[in-house]
Amino acid sequence: MRIASGGVQHETNTFSKTPTTLADFVRDSNCGEMLAGGDTIFERFRSTGSIHGGYISGAESAGFELVPLLCARAQPSGLVEEAAFETMLRWFLERLEKAKPFDGVLLDLHGAMVAEHHEDAEGAFIAAVRDVVGSTMPIVVTLDLHANITAQMAELADVIIGFDTYPHVDMSERGHEAAELIARIVKGEVTPIQEFRQLPLITLPPKQCTLRDPMQYLMERVHQMEQEPDVLTATVAMGFPFADIHDTGVSILVTTDGNADLARAKADELAGWLWELRDELQPELTTIEDVIAHVNEYPEAGLVIFADGSDNPGGGAPCDGTIALQAMIDAGFQGGAVGVIFDPETAAHAHRAGVGATIHVRLGGKTDNLHGAPVEREAYVRVLSDGKYTYRGPMMQGVQDNLGLTATLIVGGVEVVVSSQRRQCFDAEMLRIAGVDPTGRRLLVLKSAVHFRADFGPLASRIFDADTPGIHRPDLAAFDFQKIRRPIYPLDVDVARP
């Protein structure tokens, strides 16, 4: 048995003015100019906490040959340029043709990619693959928990399996599950019947976190459902709310073994559970000034984390916002750190000056005027790094990545890790390579919404969701939605139960 695999992953923030180019995919995929497949994929992802790591282990467990063709990803940002999307799709389809014969296809997609001419970019990708392999060959798709799943995606894929966790610590497990399931389909052991429901509901990242209720409670019930007879898998996709497209929002899928009535009943049941939790899924935000006051009032409480989700590069934000940093400087706060601010110009300046130098910086605030103005003042260069690291925490464990030239500066009494590559700070190793031990700080500002909780969460005495401006702000009132389907809760109050 031979199974082809591959895909393109991008989470597109349509409120971002920064387009996503083919060069972005080439740089962030770390797989060469042609976004290589084959041995490159095995070398990069084997035994890692990634989807393709799960595909590889699942193939070994199920006893089939995995044929990885392409694995492309780019950091979340604005619309994917049409030329980039079409080029990567063409590469994948050409390699798919050359890989024949094979018995099935595993597609590693995100579910919230928007290209210039394709609102439903993943739907277009799956449709193109379906045209090549025909109507009967099994296609199993893995998606992010933040997928904005469309009817086209659900119709064209035999099975869609989404992440069960946010932070996404189960990627390898879901890849493994998909690989074993497609083997069972090919062997004729199961006949998947998938039922899809799209809810009139949009939610925001902080309360989508599955480490806290109500999502923790909901996912426990989902896992119980998956243990019931003839239920093969169930997926809850909370959607990516910063993509202003028709299909943005929450959806669910339930797949059974040959039982259409059961699939429909279980899909209705799961949709009902989610709808009942709609009011509990709205976040509470706190200003940096209130957090500084809290830390000063309880100086012995331990590490406090300010999750600056509005400037989360993992959702398309620039990662160079300065609101929290400026407030800490203005307050004369000591014992604080900010990680990571994306500013290649400042990082390069620090590397030219060297450790121990004092330099004048114009730090951050260079991408737009939505996330704070540049901080202009003297800064002490404490640590310099090449930015290379390996994820050690529960998410993406074992995968190598790079912040580019990195500098840790002391700016007005605050430590700031400055990078040359835009990365969400969700693994403590990203700070440790820059000489910052999170446990030794009173207040840590992280450019992340939720993912940081997997690795940093156990270190913190208290976590606050930030009330700061930005294109990833967890506040629906901050966005002018034009294309999203209506009515949808909570943008609209009078919404009928699905």
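Mentor: Begin with the contact, meaning heavy atoms within 4.5 Å: Ile51, Gly53, Gly54, Tyr55, Ser57, Gly58, Ala59, Ser61 and Ala62 in α3 meet Met171, Ser172, Arg174, Gly175, His176, Ala178, Ala179, Glu180 and Ala183 in α7. This is a predicted model, in which local features need pLDDT of at least 70 and side-chain atom pairs 80 or more, while totals for chains, interfaces and linings use all residues. Residues are numbered from 1 along each chain as its sequence is written, and side-chain values use heavy atoms, without hydrogens and water.

Trainee: Why is α3 called oblique to α7?

Mentor: Helix α3 (residues 51-62) and helix α7 (residues 171-186) pack at an angle of about 40 degrees, with axes 6 Å apart. Angles under 35 degrees count as roughly parallel, over 145 as roughly antiparallel, 65 to 115 as roughly perpendicular and the rest as oblique, so α3 is oblique to α7.

Trainee: What makes a space a cavity, and what volume has the largest cavity?

Mentor: On a 1 Å grid over the protein atoms alone, a cavity is a set of points where a 1.4 Å probe fits but cannot get out, with lining residues having an atom within 4 Å of a point. The largest cavity has a volume of about 680 Å³, and its lining counts 38 residues, of which Arg73, His110, Asp144, Met171 and Met395 lie nearest its centre.

Trainee: Which residues line the second largest cavity?

Mentor: Pro206, Ala307, Gly309, Ser310, Ala449, Asp465, Ala466, His472 and Pro474 line the second largest cavity, which holds about 50 Å³ of space.

Definitions and conventions:
Axes are lines fitted to C-alpha atoms, for helices over the stretch in contact, and angles run from 0 to 180 degrees between N-to-C directions. Helices (H or I, at least four residues) and strands (E, at least two) are DSSP runs, numbered from the N terminus. On a 1 Å grid over the protein atoms alone, a cavity is a set of points where a 1.4 Å probe fits but cannot get out, and a pocket is an open set with protein on both sides within 12 Å along at least five of seven lines; lining residues have an atom within 4 Å of a point. Grid points are joined across faces, edges and corners, and a volume is the space filled by probe spheres set on the points.
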